[in-house]
Amino acid sequence: MGLQDTLKTLVHKSHLSDVSRHLKHRIEQGLEQRVKLAVTGLSRSGKTVFISALARHLQQSDQGLSLPFFSAAADGRIIGTRDCSHESAIPFPLQTTLAGLQASPPHWPASTDQLSEVKLALRYRRSPGLGRMLGEHTTLYLDLIDYPGEWLLDLPMLEWSFATWCRQQQALFFASPRLEASREWLTCQQQLDWLAPADDTQFQQLAHTFRDLLQQLREPPYCLSLLQPGRLLMPGDLSDSPLLNLFPILTDLPANPDQAAPDSLYSRLKSTYYAYREHAVRPFYEDHFRHFDRQIVLVDCLKTLNRGEACFTDMQQALNTLLHSFHYGHNSLLRRLVRPRISRVLFAATKADHVTANQHHNLDRFLQLLVESAQREIRFEQVETHCLAIASLRATSAAQAKLDGQYLSCLRGHRKDNGEEMALFPGEVPVELPRAEDWNSERFRFVDFAPRPLPVGPLRPEHHIRLDQALEYLLGDLLQ
Ligand SMILES: Nc1nc2c(ncn2[C@@H]2O[C@H](COP(=O)(O)OP(=O)(O)O)[C@@H](O)[C@H]2O)c(=O)[nH]1
Ligand SMILES: [Mg+2]
C-alpha cells in the first residue's frame, strides 16, 4: 500500500471513529432520562428538610458512603452529581437551608410556601450487562420539586359548584372542634344579608377574618389539616391576589340566588369561587402536576398521635382528599383534566428519629393504616405505592436507660423549644388505630428536637434514617 492509500485509510478510520463517537454521544443523549420527583406533604411535614438532605446526600453519592441501600451509590456506579438549580425559574433555597443546618448551633429551615425545585444531574455507570449495549455512562436529570400539599386539598373544588362547596364546609364547621373555635365567625355570618350589596372594604374584612380563622385552626391546640381553600394558608405567588378574598357561606344559602345583584356579597363570593378554581386550582394541575413522574407524600404521623383524636381524624380525611389527586381512573376528574403520569408513589412517615429504632416498623404500619383506603384505590390505577418511616436528618441518638433492673431503649437529643439536652423514652407507636379511650391517656408524647449539625464534610448513614431506601424505591429502577 502506498503512502497515499495509507493516509486515506487513516483519515477514513478516524472519520469513522468520529462518526461512531458522535453517534454514541447522540444515542447516549437520547437515552438520558429526565425525572421530576415531586415532594408533597401538609405544612411542617418535613418537605424542605427532606429535599435539602436528599440533595446533599446525592451530591456526595459518588463517595458511596452514606446511602448503603441506594444501590447505584452503594455499587460505586455514581460518577458525580452536578447542581443545575440555577437553570430553574423557581430555585429551591438549597444553600441557605444547608447553611442553617450546618451552622453552629444548627437551625431548622424557615417555613416555605412556594413551589420550588432543585435540579440535579447524576452521571452514572450503567449496571454490568446493560452498560455494553447502551453505552457505559449516562446521566439522569433529576428535578426535586417542593410544593404544598395544601394545594392538593383544593382538587375537589374543580367538580363542586359554589353551593356544593358551601355545604361541604358547613358539614365541617358544624362539628367539633371547628364549631367551638368558630363561634364568633358563625355569629358574624348569621348577621349578614347575603343579597345586600357589599363594598370592597367590608368584603376584604370578612375574607381576612376567615383567613385568620383558618390559620388559627392550623395551629395548636387544634392542628387541623383539612383547611380549604388551600391557597389562603399557602398562597404561593398569589399572596396579594383578590382571588384569596374567598370564604364559604356557612348559614342557609339564599333561597333565590338568581335574583342576587352583581355587587351583593353572595354574587361576589360566588364569582370569586369560580375565579379561584380557574386561576388558582386548575393552572397548578395543568402547569405542574401533570409533569410529575414520581411522587413522595410526607406525613407527620407522630404529630397526630400527640394531638389527639380530632387532629388524627382530620389528618386522615385531609390525606384522603389529597390522595384523590392520584386517582387516575379513566373517568376521573384528573384524567379528563390533565392526563397525569405519576407511576410510583411513596408515602413516608417523617421524623422517625422521634421514636426508638424498634418502633420504625410500627411507624410504617401506622402510616399504612392512615392511608389504607386511598392506597388501595391508587394501586387499582396501577400506580405502585409503598409506605416507609424515614428521618431526613437524624436529630437524636440511641441510648439505654435502666428501669427496675431492665434496660430500656430510649433517645437522646436537644429539645427544639429550649435547646436543653434530654434523654427520653418516647413510647410505642400503635399498630392499630387507637380506640376512643386510648386518646384520653397520656400515652403519646413525642417531643420535637433541635437538629444536630449536618457535617460540611462526608455524610454517613447515621445522619438519616432510611433515606437510601426511599431513594431506591423512587429512583432505583431508573439508575440501571
Ligand atoms: N427530628 C426531625 N425533625 C424534623 C425532620 N424533618 C423535619 N423536622 C421538623 O419538622 C419541621 C418542619 O420541617 P420542614 O421541612 O420545614 O417542613 P415543610 O413545611 O413540610 O417544608 C422542622 O422545623 C423540624 O422541626 C427530621 O428528619 N427529623
Ligand atoms: Mg417547606
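A cavity, on a 1 Å grid laid over the protein atoms alone, is a set of points where a 1.4 Å probe fits but cannot get out, and its lining residues have an atom within 4 Å of a point. The model examined here is predicted, so local features need pLDDT of at least 70 and side-chain atom pairs count only at pLDDT 80 or more, while totals for chains, interfaces and linings use all residues. Residues are numbered from 1 along each chain as its sequence is written, chains are lettered from A and ligands numbered from 1 in the order in which they are written, and side-chain values use heavy atoms, with hydrogens and water left out.

By this rule there is one cavity of 30 Å³ or more, a volume being the space filled by probe spheres set on grid points that are joined across faces, edges and corners. The largest cavity holds about 50 Å³ of space. Its lining is made up of Leu42, Ser43, Ser45, Leu298, Val299, Asp300, Lys303, Met315 and Leu319. Sorted by type, that lining has five nonpolar, two polar and two charged residues; Ala, Val, Leu, Ile, Met, Phe, Trp, Tyr, Cys and Pro count as nonpolar, Asp, Glu, Lys and Arg as charged, and the others, Gly among them, as polar. Strand E5 (294-299) and helix H13 (309-323) each put at least two residues into the lining of the largest cavity. Helices (H or I, at least four residues) and strands (E, at least two) are DSSP runs, numbered from the N terminus.

Next comes the open space. A pocket is an open set of points with protein on both sides within 12 Å along at least five of seven lines. The largest pocket has about 1,100 Å³ of space. It is lined by 45 residues, and Arg44, Ser45, Asp300, Lys351 and Lys416 come closest to its centre. That lining splits into 19 nonpolar, 12 polar and 14 charged residues. Helix H2 (47-59) and helix H12 (301-307) each supply at least two of the lining residues, with H12 giving the largest share, at four.

Ligand 1 takes up the space of the largest pocket, where sitting in a pocket means that more than half of a molecule's atoms lie within 2 Å of its grid points. Around ligand 1 there are 17 residues, with Arg44, Lys47, Thr48, Asp353 and Lys416 the closest; to be near, a residue needs a heavy atom within 4 Å. This shell contains six nonpolar, six polar and five charged residues. Polar contacts (pairs of N or O atoms within 3.5 Å) to oxygen atoms of ligand 1 include one from a backbone N or O atom of Arg44 at 2.8 Å, one from the side chain of Lys351 at 3.0 Å and one from a backbone N or O atom of Ser392 at 3.0 Å. Taken alone, ligand 1 exposes 580 Å², of which the protein buries 98% (Shrake-Rupley method, 1.4 Å probe).

Arg44 also stands out in its backbone: its phi is positive, near 70°, and the residue sits in the loop between strand E1 (33-41) and H2. Most residues other than glycine have a negative phi, and most peptide bonds are trans. The bond from Ser176 to Pro177 is cis, with omega near 5°, and Pro177 lies in the loop between helix H6 (162-173) and helix H7 (178-181).

Key. Polar contact = N/O pair within 3.5 Å; in protein donor to acceptor, adjacent residues only side chain to side chain.
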